[in-house]
Amino acid sequence: MSSQMPPFTREAPSPRALLHLLFNGARALDVVETALKLGLLDALEPGPVTLGELSAKHGFVPKRLYKFLDCLESLGLVQREQTSDALEAARYRGVPGLRAAAEAVLGPKSLERDREKYDWKALHGRLPETLRGEHSMSATSFDWPPRTPEQVEGFEASMAAGLGPILETFRAHAGTLWPSGSRLLDVGGGDGTLAEHLLRQHPALSVDVYNLPATEALVARTRERAGLSDQRMGFVGGDFLQEPLPRGYDALSFVRVLHDWPAEVARSLMQAAFTALPSGGRVLICEEFRTPERLAAQFFWSYFLIGVDTCVSRLREVEFYLEALTAAGFTHAHVLPGPFELVVATKP
């Protein structure tokens, strides 16, 4: 028997199959979390591995493991090949990236677990009246923009928790992004966590965080924690909806900022970046682009913000940003690949 299994193929589930899985969501998560904790994913992802081999290694009852693996197969996470009726001979392998995905979504530092601190239960079971405008998320649970120090800190901490894939993209393209001595203005740069990571990786880089004055103490705390000087990691307080963007930088970045605003505001901010940058300066946009995977990753916020009228998170196709940058006067607008794609354009 060949050791190679056929290429992994996955058909989209029918509406009925999808709803079956959604109804069993808690049980499905229990299966995947168990597979992660027991180390099964470490064997399944490289695969192929037989049910008999897994049973012997982990001390599982083969008939019970067979049904457990059926659960994973129903979720589209593993592929099975069975050439005989002997359960132990069935071979399995996981989808590429399965273990890393399980760790990211279900592990102790997962973004989904971080989101559980938000009061989503205020909407649960009350969506009909929420959709009719008869019920809303209270300002104490979530206010946009954040108003109290507690809300500001909580929001910025949540944003920082989701920076992992973005940092991975910045690392992958570091060689082309940061010429020696570059100065970056991180527009809407949260508590400075992104700036901190970039400065650790690039000793010749300096970054100023441009954000609302209420976040200055958070940026100072991040700077102190990282042992950075304010010359390398500065703070500029301001409101980009009311003021021009600061000048004097080689690059300006918008990281998960523009999707929070209507199209005309997003375009005006890209135009403001063009005005602020010198010739040869670059704008960097790392956003929640509208793809099936990104929509799935943003399901929590799509649900949560149903009850909030002051904020609409707009996931747009990447073409919107490429066209808007060109219209603003930038040239060479292009997309750098990664877990979060990065749009880069240059002012001529």
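User: In this predicted model, why are helix 12 and helix 13 called roughly parallel to each other?

Analyst: Helix 12 (residues 193-201) and helix 13 (residues 216-226) pack at an angle of about 25 degrees. Angles under 35 degrees count as roughly parallel, and helix 12 and helix 13 are therefore described that way. Their axes are 9 Å apart, and the crossing of the two helices is right-handed.

User: What makes helix 2 and helix 5 roughly perpendicular or roughly parallel to each other?

Analyst: The angle between helix 2 (residues 25-37) and helix 5 (residues 62-74) is about 115 degrees. The range from 65 to 115 degrees counts as roughly perpendicular, so helix 2 and helix 5 are roughly perpendicular to each other. The axes of this pair lie 10 Å apart, and helix 2 passes helix 5 in a left-handed crossing.

User: How do you know whether leucine 22 is buried or exposed?

Analyst: Leucine 22 has a relative accessible area of 58%. Exposed means over 50%, so leucine 22 is exposed. This leucine 22 sits in helix 1 (residues 15-23). Together with Leu18 and Leu19, Leu22 forms a nonpolar patch on the surface, and the three have about 300 Å² of accessible area together.

User: Why does aspartate 260 count as buried?

Analyst: The relative accessibility of aspartate 260 is 13%. Buried means under 20%, so aspartate 260 counts as buried. Aspartate 260 is placed in the loop between strand 7 (251-255) and helix 14 (263-276).

User: Where is aspartate 260 relative to tyrosine 66?

Analyst: Their C-alpha atoms are separated by 46 Å, and the two residues are 194 residues apart along the chain.

Technical notes. Residues are numbered from 1 along each chain as its sequence is written. This is a predicted model: local features need pLDDT of at least 70, side-chain atom pairs count only at pLDDT 80 or more; totals for chains, interfaces and linings use all residues. Side-chain values use heavy atoms; hydrogens and water are left out. Patches are made of residues with over 30% relative accessible area and no salt bridge: like charges are joined within 9 Å, nonpolar side chains (Val, Leu, Ile, Met, Phe, Trp, Tyr) within 5 Å. Accessible areas come from the Shrake-Rupley method with a 1.4 Å probe; for residues, only the protein chains shown count as cover. A salt bridge is a side-chain nitrogen of Lys or Arg within 4 Å of a carboxyl oxygen of Asp or Glu. Helices (H or I, at least four residues) and strands (E, at least two) are DSSP runs, numbered from the N terminus. Buried means under 20% relative accessible area, exposed over 50%, partly exposed in between (1.4 Å probe, protein chains only). Axes are lines fitted to C-alpha atoms, for helices over the stretch in contact, and angles run from 0 to 180 degrees between N-to-C directions. Angles under 35 degrees count as roughly parallel, over 145 as roughly antiparallel, 65 to 115 as roughly perpendicular and the rest as oblique. A crossing is left-handed if the near helix is turned anticlockwise from the far one by less than a right angle, and right-handed if clockwise.
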